[in-house]
Amino acid sequence: MTTERRQLQRWIIAGLSFFAFAWRIRGLSSQSLWRDEIDAIYFALRDLPETLSMFVNTAQNGALFFLSLRPWLRLVGTSEFALRYPSVLFGMLSVALLWQVGRRLIPGRSPD
């Protein structure tokens with residue numbers, strides 16, 4: 001693959017990633033928190049031993065999500081925007097990941 005083509009692909013994926021970010025960030029705090037989002041804040045900010053106990057209790061899920069959300073919420077607060085922003089970032093990054101996976105799965109294309 002030529003250098004110009006690679007550069008063009010990089011610009012395309014950068015543009016698609018920016019578009020995905022802009023699309024997701026628009027209106028991020030236009031709705032109030034939903035019940036599951038309030039639960040996420042509660043589970044993330046409660047005492048650490050209680051959150052860690054979710055790993056051994058039956059019928060509990062999401063402990064890793066709450067543990068990863070914990071420092072973020074302590075840093076930026078618990079607004080609608082703050083709670084939903086990590087999902088926006090990971091959604092934007094998934095566009096680039098999907099691009100790479102697609103390049104490798106399309107027959108007859110070299111993964112470069």
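Me: Which cut-offs decide whether a residue is buried, partly exposed or exposed?
Reply: This model is predicted. The scale is relative accessible area. Exposed means over 50%, and partly exposed lies in between. Buried means under 20%.

Me: Is L33 buried, exposed or partly exposed?
Reply: L33 sits in the loop between α1 (3–25) and α2. Its relative accessibility is 22%. Buried needs under 20% and exposed needs over 50%. Therefore L33 counts as partly exposed.

Me: Which residues does L33 contact, leaving aside neighbours within four places in sequence?
Reply: L33 belongs to the loop between α1 and α2. Set aside its neighbours within four places in sequence. The contacts of L33 are then I38, I41, T78, E80, L83 and R84.

Me: How far apart in space are L33 and E50, C-alpha to C-alpha?
Reply: Start with the sequence: L33 and E50 are 17 residues apart. Then go to space, C-alpha to C-alpha. The distance between L33 and E50 is 23 Å.

Me: Is T51 buried or exposed?
Reply: T51 is found in helix α3, residues 48–52. Leaving out residues up to four places away in sequence, T51 touches F43, R46, A63, F66, L67 and R70. Its relative accessibility is 0%. Buried means under 20%, so T51 counts as buried.

Me: Is A82 buried or exposed, and what is its relative accessible area?
Reply: A82 lies in helix α5. Beyond its neighbours within four places in sequence, A82 contacts W72, V76 and G77. The cut-off for buried is under 20%. A82 is buried, with a value of 5%.

Me: What separates the C-alpha atoms of A82 and W72?
Reply: W72 is one of the contacts of A82. Along the chain, A82 and W72 are ten residues apart. Their C-alpha atoms are separated by 8.2 Å.

Me: Is R10 buried or exposed?
Reply: R10 lies in helix α1. Its relative accessibility is 54%. Exposed means over 50%, so R10 counts as exposed.

Me: How far apart in space are R10 and G62, C-alpha to C-alpha?
Reply: Helix α1 holds R10. Along the sequence, R10 and G62 are 52 residues apart. In space, C-alpha to C-alpha, the separation is 34 Å.

Me: What radius of gyration does the chain have?
Reply: Its C-alpha atoms fill a box of roughly 55 × 35 × 20 Å along the principal axes. A compact globule of 112 residues would have a radius of gyration near 13 Å. The chain instead has 19 Å.

Me: What percentage of the residues of the chain count as buried?
Reply: The chain exposes about 8200 Å², and carbon and sulfur atoms supply 65% of that. Of the 112 residues, the buried part is 23%.

Me: Which helix gives the most to the lining of the largest pocket?
Reply: The largest pocket holds about 250 Å³ of space. Of its 13 lining residues, the closest to the centre are F65, L69, L83, P86 and S87. At least two lining residues each come from α2 (35–45), α4 (63–76) and α5 (80–105). With six residues, the top giver is α5.

Me: How many residues of the largest pocket's lining are nonpolar, by class?
Reply: Sort the lining by class. Two residues are polar and three are charged. The nonpolar residues number eight.

Methods. Residues are numbered from 1 along each chain as its sequence is written. This is a predicted model: local features need pLDDT of at least 70, side-chain atom pairs count only at pLDDT 80 or more; totals for chains, interfaces and linings use all residues. Side-chain values use heavy atoms; hydrogens and water are left out. On a 1 Å grid over the protein atoms alone, a cavity is a set of points where a 1.4 Å probe fits but cannot get out, and a pocket is an open set with protein on both sides within 12 Å along at least five of seven lines; lining residues have an atom within 4 Å of a point. Grid points are joined across faces, edges and corners, and a volume is the space filled by probe spheres set on the points. Helices (H or I, at least four residues) and strands (E, at least two) are DSSP runs, numbered from the N terminus. Ala, Val, Leu, Ile, Met, Phe, Trp, Tyr, Cys and Pro count as nonpolar, Asp, Glu, Lys and Arg as charged, and the others, Gly among them, as polar. The radius of gyration is taken over C-alpha atoms; the globule rule is 2.2 Å times the number of residues to the power 0.38. Buried means under 20% relative accessible area, exposed over 50%, partly exposed in between (1.4 Å probe, protein chains only). Accessible areas come from the Shrake-Rupley method with a 1.4 Å probe; for residues, only the protein chains shown count as cover. Contact means heavy atoms within 4.5 Å.
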